[in-house]
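User: I would like to go through this structure with you. Could you take my questions one at a time?
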Amino acid sequence: MSIYDQKIFRMIAVALLAISVTMPAAQADDDDRDEKYGEKYSGKYGGENRGKPLQPAQTNARFQQECSDCHIAYAPGLLPATSWRKMMAGLDQHFGSDASLDAGDNQEITAFLVNNASNRWSASTAPLRISEAAWFKRKHDDHEINPRVWKNPKVKSPANCGACHPQAERGDFSERNIKIPR
Amino acid sequence: MFHLFRTSGLALVTIAGLVAQPAFAETPNEILASIQQEATGTPDFQAFSAARGERFFKARHANDWSCASCHTDNPATPGKHARTGKVIDPLAPSANAERFTSPKKVAKWFKRNCNDVLDRVCTPQEKGDVLAYLLTIKK
């Protein structure tokens, strides 16, 4: 190996290291303790706690493509595995619309959602609406969010994460990235 | 070393080409032909009619929706989902080259949207009429 080649290798190694160091910070969640204690935090919110945000490298192209046809591709960690199984089994009546997929696509996306579902959900509940989860309700209650915000036409509905969390599409809901529209 | 870089670069370009291809696997006319093949076998089949397709597209059906509720009366312009507000790219192939180029996508959306608008699946006749109509729309 020539000296020139060694230099290139060193440059690549440094670049990779830099990426691996900066990534977790960019993806940091709003509740650092949750991240630190991981699954041990499953007792929080009466057992209805969401999981870690997903790293971009872990995502699935078909999930991204199919789920974002009509709304953002909601991060799988926001609900428990049972919710996702129910959701994907009832796509022909998906919140009032037919959102059915062919069997192969359904299988692939279900597996992805189930494998990356909340790892801190210990309750036996399995809501279909993310906004019905206890963690969601607590983080969006009247103490946290002025009720007027929900009436803003730019917000429209709690399903519209991107209205206040511009990075929602990437699974980033960190507090410092919140921008509540006026 | 550099030879290796060049080879892997070429491989990447080749793979990208293969992956990009299925997006435009067919033309809207080829899709129309396959709907026609399906329709010919059904009773009372009549040659596809753009005028009938337009009436079907704009009429309200079982769920008090029409195709135009979301795709607008001018499918060469962007639409908006009647419930979610999501912007929908133009449906007419003259205005959006991606439309009616993937048989899988066509099947997926006809199934979904016919169920939402009509509460049933569309017949091959209805699908063919609508596509015939969409193909007459100029940008």
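User: Which residues does V130(B) touch, leaving aside those up to four places away in sequence?
Analyst: In this predicted model, V130(B) touches G53(B), F56(B) and F57(B), with residues up to four places away in sequence not counted.

User: Which residues of helix α3 of chain B are buried?
Analyst: Helix α3 of chain B covers residues 50-58, and its buried residues are G53(B), E54(B), F56(B) and F57(B). Viewed down the axis of α3(B), these buried residues fall within an arc of 165 degrees, so they line one face of the helix.

User: What does the face turned away from that buried side carry?
Analyst: That face of α3(B) carries the exposed residues A51(B) and R55(B).

User: And what do the buried residues of α3(B) pack against?
Analyst: They pack against two helices of chain B, α4 (68-71) and α6 (124-136).

User: How many residues are in the largest nonpolar core?
Analyst: The largest nonpolar core has 17 residues, and among those with the most contacts inside it are I31(B), F57(B), V130(B) and L131(B). In chain B, α2 (28-40), α3, α5 (103-118) and α6 each supply at least two residues of this core. Its largest share, five residues, comes from α6(B).

User: What does the second core include?
Analyst: The second core is separate and has 14 residues, including Y45(A), Y74(A), L78(A) and L113(A).

User: Changing topic: how many residues does each chain give to the contact?
Analyst: Chain B gives ten residues and chain A gives nine residues.

Conventions
Residues are numbered from 1 along each chain as its sequence is written. Chains are lettered from A and ligands numbered from 1 in the order in which they are written. This is a predicted model: local features need pLDDT of at least 70, side-chain atom pairs count only at pLDDT 80 or more; totals for chains, interfaces and linings use all residues. Two residues are in contact if their C-beta atoms, placed from the backbone, lie within 7 Å. A residue is buried if 20 or more other C-beta atoms lie within 10 Å of its own, exposed if 12 or fewer, and partly exposed in between; C-beta atoms are placed from the backbone. Helices (H or I, at least four residues) and strands (E, at least two) are DSSP runs, numbered from the N terminus. The arc is that of the directions from the helix axis to the C-beta atoms. A nonpolar core is a set of buried Ala, Val, Leu, Ile, Met, Phe, Trp, Tyr and Cys residues joined through C-beta atoms within 7 Å.
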